[in-house]
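Let's take a walk through this model, starting with its open spaces and then turning to how its parts pack together.

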Amino acid sequence: MDVLILSRIQFAAATYFHFLFVPLTLGLSIIIAIMETIYVRSGDTDYLRMTKFWGKIFVINFVVGVVTGITLEFQFGTNWSRYSQYVGDVFGPLLAIEATAAFFLESVFLAVWIFGWKRLSPKAHVAAIWLVAFASTLSALWILVANSWMQHPVGYVLRNGRAELANLLDIVTQSYSVLTFLHATSASYVVAGFFVMGVSAFHLLRNSHRLLFEKSFRIGLYFSLIFSIFVVAEGHMHGADLAEKQPAKLAALESLWETQAYAPLYLLAVPGMDNEGNVLEFGRVPGVMSLLAHHRPDAVVTGLNDIPKELRPPVAPVFYSFRFMVVLGGLFVLLTLYGWLRRNRLSESRTFLRILVYAVPLPYIVCLAGWTVTEVGRQPWIVYGLMKTADAVSPIAAGHVAVSLWAFIIVYSLVGVGAFAMMLRIIRKGPAEDARKEVSSHA
């Protein structure tokens, strides 16, 4: 394999691994803040115990997420130096703001929260975790703004053969940035909500800390219900925006080959692996894709055959990843609606609780599928319409990249095994019987 392929595999491997920890960190920070707020307002020590319990899992996620995120930023210099040289004036400031403002704030107040249990008043302590949640979200905002600029570059000028920043506000406020931020953070909240429900269901099935985990389950349920519905509705808006900004990605999502008005949606389609058409189409519903993309059934939607073959994304991975998102997204809405109906009879709903235990990995899979749609669907561009991925790679030897790729895989595997083993141990052990002994100043 050449340098380009090896560098792409390395960045993809690092990103997918990093993305196993980021969504839970984002969502769990808010859920923990809600739990601690209820404790401070009500004095109910069940909420203190669950705050401490989920807090341990949150800290492990945060640490692994930070470590793996730092290596990603290094790769822009080691594997993608031509990209950094060409767009560094635009991309660099966005990452710099994330690192110096959001991440710094997040790290400082997390330390305050971890070590401040016996040193701060309850109100000051709960304020610290809300600031952690705010900073986590702010960090995600700047990362997603940077990625959105790669998807739809605005606010720059080309000067001396490089892209230079012209208007930061245009980059931050463009619709692609706003919609991506809302979609990705909502999906992260679904990950955290299902994680809390799944772990709570595990303990309810064992009749372990029953009252505490019934309360914990309901917080995860309401959180998941709200954001499962929101992410589906917002995803439709994101698709309509995509029709205007990345027609090739939209055509790949639906494997639409011919440009046409009343563009159809198929109940079943199988794209060919040669990127030349579908090998199976069934259940044609005319006008639905036009309606979804442009809000008019007679609107013209661009097909892949009107896009030069060398500028088309690989259709199959984008098409199937998108379907994982849609099908599982619908399943999350159904599961949370059913859970809301059964919220007062959880102990009688053992089959439902078992389903939720096994459902914990599904939102993670959806997030990874969404990332595949976003990144593979943008190819062959690294900055859409401005710079191709093949032109962005560093002029280094393939052997060097191969060695670092294997090093990444080995180290990340060890880190992943260690992190998940620690989380499983905490989950199996459950919360402390009396968290007030650990937080005597709050009692």
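Predicted model: local features only at pLDDT ≥ 70, side-chain atom pairs only at ≥ 80, totals over all residues.

Residues are numbered from 1 along each chain as its sequence is written, and side-chain values use heavy atoms, with hydrogens and water left out.

Start with the empty space. Rolling a probe the size of a water molecule over the atoms shows where such space is left. Here a 1 Å grid over the protein atoms alone is used: a cavity is a set of points where a 1.4 Å probe fits but cannot get out, a pocket is an open set with protein on both sides within 12 Å along at least five of seven lines, and lining residues have an atom within 4 Å of a point. Points are joined across faces, edges and corners, and a volume is the space filled by probe spheres set on them.

The largest pocket comes out at about 1200 Å³. Its lining has 48 residues, with Thr15, His18, Leu72, Ile143 and Trp371 nearest the centre. Among the elements that give two or more residues to this lining are helix 1 (3-18), helix 3 (45-78), helix 5 (122-151) and helix 13 (361-376); helices (H or I, at least four residues) and strands (E, at least two) are DSSP runs, numbered from the N terminus. Helix 3 provides the largest share, nine residues. By class the lining splits into 28 nonpolar, 14 polar and six charged, where Ala, Val, Leu, Ile, Met, Phe, Trp, Tyr, Cys and Pro count as nonpolar, Asp, Glu, Lys and Arg as charged, and the others, Gly among them, as polar.

Next comes the second largest pocket, with a volume of about 980 Å³. It is lined by 39 residues, and His183, Gly235, His238, Phe322 and Met325 are the closest to its centre. Helix 8 gives the most here, eight residues, and the class count is 24 nonpolar, 13 polar and two charged.

Now for the packing. A nonpolar core is a set of buried Ala, Val, Leu, Ile, Met, Phe, Trp, Tyr and Cys residues joined through side-chain atoms within 4.5 Å; buried means under 20% relative accessible area, exposed over 50%, and partly exposed in between (1.4 Å probe, protein chains only). The largest core has 94 residues, and Phe195 is one of those that touch the most other members. Helix 7 brings the largest share of this core, 13 residues. Beyond its neighbours within four places in sequence, Phe195 is in contact (heavy atoms within 4.5 Å) with Leu24, Trp54, Ile57, Val360, Tyr364 and Ile427.

Finally, look at Val300, in strand 6 (residues 300-301). Val300 counts as exposed because its relative accessibility is 52%. Setting aside residues up to four places away in sequence, Val300 touches Thr259, Gln260, Ala261 and His294. Thr259 is 41 residues from Val300 in sequence, yet their C-alpha atoms are 6.8 Å apart.
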